[in-house]
Amino acid sequence: MSTNVFLTGTNGYIGKNLYETLKDSATIYSISKYPEQSQGDVQYFKGDLFSLNDMIEALKDIDVAIYFLDPTKRSNKLNDATFKDMNAISADNFARAAEINDVKEIIYISGTLEDTETINILKSYKVPVRISDTKVRRPGILAQTQSSKTDDVRSIQRTLMPHSWSIEQAANHYFEWLNTTFFKFVKTTQSDDVVRIYFGSQHLLTLTKDTDKCDEYRLVYKINGGKMHYAHENSRARMEFRRLKGTDVLIIALHDYEPTLPWLLYMVTQAPIHHLTMKIFDVEMRIERFSDDAANGVKKTYTK
């Protein structure tokens with residue numbers, strides 16, 4: 001019986017060579033946002049590495065899952081993120097999905113500057129991880145803009161959260177903190193599982209907690225309303241708060257967001273404002289972490 005092997009990609013240098021090596025002895029599976037543009041007899045699942053639910057579906061009935069992230073992998077039209085943060089989310093999704101599907105083994109193709117963190121993330125779940133002896137060197141360079149069928153955005157920012165906080169506390173603090181920024185022109189309201197963001201009297205966004213996708217390490221909000229939300233039936237726009245397992249690393253990500261502003265106007269207004277907001281929030285979280293440590297008897301000197 002043929003072994004079912006999953007590759008994170010088959011169009012880049014690593015994926016093509018692995019496919020050629022394994023195709024005669026295994027059934028090859030992979031994932032792609034645009035499988036119709038892929039070649040060969042690979043069994044493709046239409047989806048996204050950066051969606052945990054897509055990865056859970058993609059790894060069903062897989063025996064061996066081989067992980068490597070090509071830094072040029074097609075994602076969204078705008079990627080306001082570093083390779084390190086993109087890799088952290090995809091590695092976490094990969095290992096979680098492998099555990100849920102009882103994958104027998106994960107093989108990691110080493111060779112990036114992020115090997116140590118990637119291996120730690122993969123090993124934080126239950127599936128055994130084997131690391132390639134040969135390093136395939138590849139730069140951690142991410143194309144900020146790429147070709148896409150839609151004007152969509154992925155923005156990923158990393159910070160450190162207070163050790164004693166839950167992921168829900170971190171998310172609630174973010175929305176409450178927004179009320180104090182931009183001279184209090186920005187206001188947020190939270191009712192049950194719904195967050196609404198306003199600028200003055202203008203309703204900008206509605207975010208609704210997707211409870212089926214939330215756990216102790218992850219909160220997901222669907223973006224499903226407001227003047228800045230491009231509403232259509234295939235929208236996958238969401239905001240995610242994720243704590244890397246066993247760490248205090250907090251990753252806040254905006255996935256598959258489609259702005260209502262014309263693209264060029266978005267790029268010179270809303271996009272840099274969001275980026276700046278997240279950088280200021282990083283400072284806010286450092287201060288909160290310092291205060292939390294002090295309250296719990298941890299003596300540290302605050303540095304930038």
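Which residue forms a salt bridge with R96? Select R96 and D92 to find out: these two form the salt bridge, with their closest N and O atoms 3.1 Å apart. (A salt bridge here is a side-chain nitrogen of Lys or Arg within 4 Å of a carboxyl oxygen of Asp or Glu.)

Before moving on, note that this is a predicted model, where local features need pLDDT of at least 70, side-chain atom pairs count only at pLDDT 80 or more, and totals for chains, interfaces and linings use all residues. Residues are numbered from 1 along each chain as its sequence is written, and side-chain values use heavy atoms, leaving out hydrogens and water.

Now show helix α3 (residues 83-100): R96 and D92 are four residues apart in this helix, so about one helical turn separates them. (Helices, H or I of at least four residues, and strands, E of at least two, are DSSP runs numbered from the N terminus.) Both R96 and D92 are buried. (Buried means under 20% relative accessible area, exposed over 50%, and partly exposed in between, with a 1.4 Å probe and protein chains only.)

Next, select D151 and K77, whose side chains meet in a salt bridge of 2.7 Å, N to O. D151 sits in the loop between β7 (129-131) and β8 (153-160), and K77 in the loop between β4 (64-67) and β5 (78-80), so the pair ties together parts 74 residues apart in sequence. D151 is partly exposed at 34% relative accessibility, and K77 is partly exposed at 24%.

Then pick R243 and D248, another salt bridge, at 2.6 Å from N to O. R243 is buried, at 10%, and D248 is buried too, at 12%.

For a last stop, select D48, D54, R154, R236, R238 and D256, which a network of salt bridges links.
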